[in-house]
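Hi everyone, thanks for making time. Let me put the model up on the screen before I start talking.

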Amino acid sequence: MAERYGAPVGADRPSRGQAVIHPSPSRWLDVAAAARADGFDQLIDLTAVDYLTYGADRSLPEGVQPERFEVVAGLMSHERLERLRMRVQVPADDPALPTLFDLWPGSESLEREVYDMFGIAFEGHPDLSRILMPEDWPGHPLRKDYDSGRIPVQFKAASNVR
Amino acid sequence: MSITGTVPAGEASPESAETGMPAGPAAGADRVSRRERSAVLRMSEAEAAEIGGDPDDPGDDELVLLNMGPSHPSTHGVLRLMLELSGETVLRSKPVIGYLHTGMEKTGENLTYLQGGTNVTRMDYASPLFNELAFSLATEQLLGIDVPERATWIRMLMCELNRVSSHLLFMATNGMDLGAVSMMIYGWREREEVLRFFEKVTGLRMNHNYIRPGGVAADLPAGWRTDVSELIELIEPRLDEYDTLLTGQPIWRERLQGVGVISAAEAVALGATGPILRGAGMAWDLRRDEPYLFYDQVDFDVIVGTHGDCYDRYAIRLNEIRESLRIVSQIIDAMPSGDYRTQDKKVTPPPRARIDESMEALIHHFKIFTEGFKVPPGEAYAAVESPRGELGVYLVSDGTSVPYRVHVRAPSFVNLQTLPHLMQDGLIADGVAIISSVDPIMGEVDR
């Protein structure tokens with residue numbers, strides 16, 4: 001099986017021209033550090049997907065255990081004009097990953113957004129707090145079991161808030 | 001509101017040679033980690049409220065915590081900044097966002113690929129066509145379809161004009177934020193002419209839903225060449241007027257030069273793209289470095305700054321308008337004839353007239369507008385160079401006609417992270433110039 005930075009390379013072809021690797025959660029930081037050292041100087045994007053109700057084949061490479069959550073990070077190497085996508089499986093019973101903040105400080109807002117929307121904790125993050133929702137909001141809106149139609153409009157003066 | 005005890009008063013912070021990140025106020029500056037030296041004020045609402053309970057009337061040596069926004073005329077919508085001030089100097093700050101958050105990514109999971117454009121176009125409302133373009137490119141990657149040449153050239157034409165109108169809006173607001181109020185009128189005036197052309201082509205001034213998976217919604221109207229040529233003739237001399245009004249003007253230079261400086265290394269580390277990155281001296285433009293559409297067939301320059309200050313970011317945007325007009329005039333000559341959308345019957349609805357005479361056309365029309373077209377399972381990321389930087393759309397499909405996940409990598413959202421670093425050790429008045437020069441669109445930040 002093909003590997004890069006010690007992580008399996010995605011399926012049998014790159015995803016539409018962009019290389020994909022699948023690090024395991026325990027090696028997430030090591031693989032990211034190896035990519036950083038190899039010239040991927042910018043963290044372009046970091047997001048997550050909740051695969052709870054996904055109905056199709058996820059075409060993960062052999063040896064990668066599918067889990068409910070997947071954190072997807074997009075890296076850019078300006079020198080080589082190359083992109084790399086890292087997809088890591090995050091289990092539902094322990095949704096946590098080490099933060100990438102020390103490698104790319106630009107991950108701060110992006111990880112806060114993933115924490116806010118999916119409830120995935122980033123260990124070691126300097127300020128892991130909600131970023132888009134109010135601080136006291138219950139639940140994580142982009143999870144698939146979070147119903148989009150049930151939250152009433154919130155008025156601060158109303159006595160029956162939620 | 002005054003802060004006592006919790007926030008140690010900081011000296012002017014030295015630049016850290018090791019990390020390239022500006023060093024923030026901290027006790028024992030020699031042995032602090034990068035986190036503690038940060039320019040970002042990492043304080044929760046609860047902590048801030050607690051400090052707010054302290055008696056007012058701060059002494060000379062005390063730090064003040066001040067809220068700027070969300071309804072402040074210079075915060076471009078509903079951006080709120082929590083500022084830690086020593087006198088009028090900003091020490092640390094924190095952008096507080098989410099006031100426009102309406103869960104558009106969640107909404108996107110309930111709309112078909114054809115409807116998705118109406119959703120994403122409302123994110124960056126100053127450059128809606130770029131949102132549609134990135135969404136369409138990602139969808140087309142998953143579908144594996146090709147778009148006719150004319151459709152691609154139309155997309156380029158519309159996007160470059162949109163870049164012009166977006167940067168004109170920046171010119172207007174940047175001028176207004178700095179007290180050049182007449183500039184605001186001029187910027188809006190020229191932008192309106194571009195929007196008038198958009199209305200003629202798409203039917204709407206904003207939120208067009210014009211670029212769709214498979215092509216564009218309608219062909220260019222008759223006489224578009226004249227309209228576009230007139231636009232170029234109108235705007236180009238006006239740009240020279242802006243130069244006279246602002247660029248060389250001493251007050252303008254005084255307000256912008258050396259304000260809000262960021263280095264290329266810092267900008268890259270913080271994920272910044274677009275004029276912020278180029279202003280810091282890094283020649284990086286996806287149109288040139290990762291060509292999409294037909295940008296490899298037109299001739300244009302990537303505008304780069306040297307100092308990474310507000311003035312460079314202003315000058316870059318002004319000259320990018322010129323480059324965009326240069327591209328537009330090349331597109332006028334290059335525009336081929338042909339289809340404006342793919343003839344793939346599964347993606348493109350049939351012409352209205354065909355529905356009356358063909359059963360298949362009726363079925364296809366019905367299927368596309370009720371169920372939508374199915375997209376093969378998989379994931380795709382498509383990025384374009386929006387006026388604010390890299391605008392990316394990450395799509396996950398499970399094989400149905402509705403995306404399983406729509407994520408938009410909004411340039412404003414990421415660029416906003418540079419704000420505390422740009423504002424650190426500057427004055428509040430400069431903060432206004434800095435917010436303006438980052439040019440955040442809050443609809444895109446909050447989504």
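This is a predicted model: local features need pLDDT of at least 70, side-chain atom pairs count only at pLDDT 80 or more; totals for chains, interfaces and linings use all residues.

Residues are numbered from 1 along each chain as its sequence is written, chains are lettered from A and ligands numbered from 1 in the order in which they are written, and side-chain values use heavy atoms, with hydrogens and water left out.

Now find helix α7 (residues 224-247) and helix α12 (residues 310-334), both in chain B; helices here are DSSP runs of H or I with at least four residues, strands are runs of E with at least two, and both are numbered from the N terminus. Their axes come within 10 Å and cross at roughly 160°. Axes are lines fitted to C-alpha atoms, for helices over the stretch in contact, with angles from 0 to 180 degrees between N-to-C directions. So α7(B) and α12(B) are roughly antiparallel, the word for angles over 145 degrees.

Next, the sheet in chain B. Which order do the strands take in this open sheet? It runs β7-β8-β9, with antiparallel pairing; two strands pair if DSSP finds at least two bridges between them. β7 and β9 (405-409) of chain B are the edge strands, each pairing on one side only. On average, neighbouring strands are turned by 15° against each other, ignoring direction. Strand β8 (residues 389-397) of chain B pairs with β9(B) over five bridges. If you zoom in, B:Leu395 sits opposite B:Val406 in β9(B).

Definitions and conventions: Angles under 35 degrees count as roughly parallel, over 145 as roughly antiparallel, 65 to 115 as roughly perpendicular and the rest as oblique.
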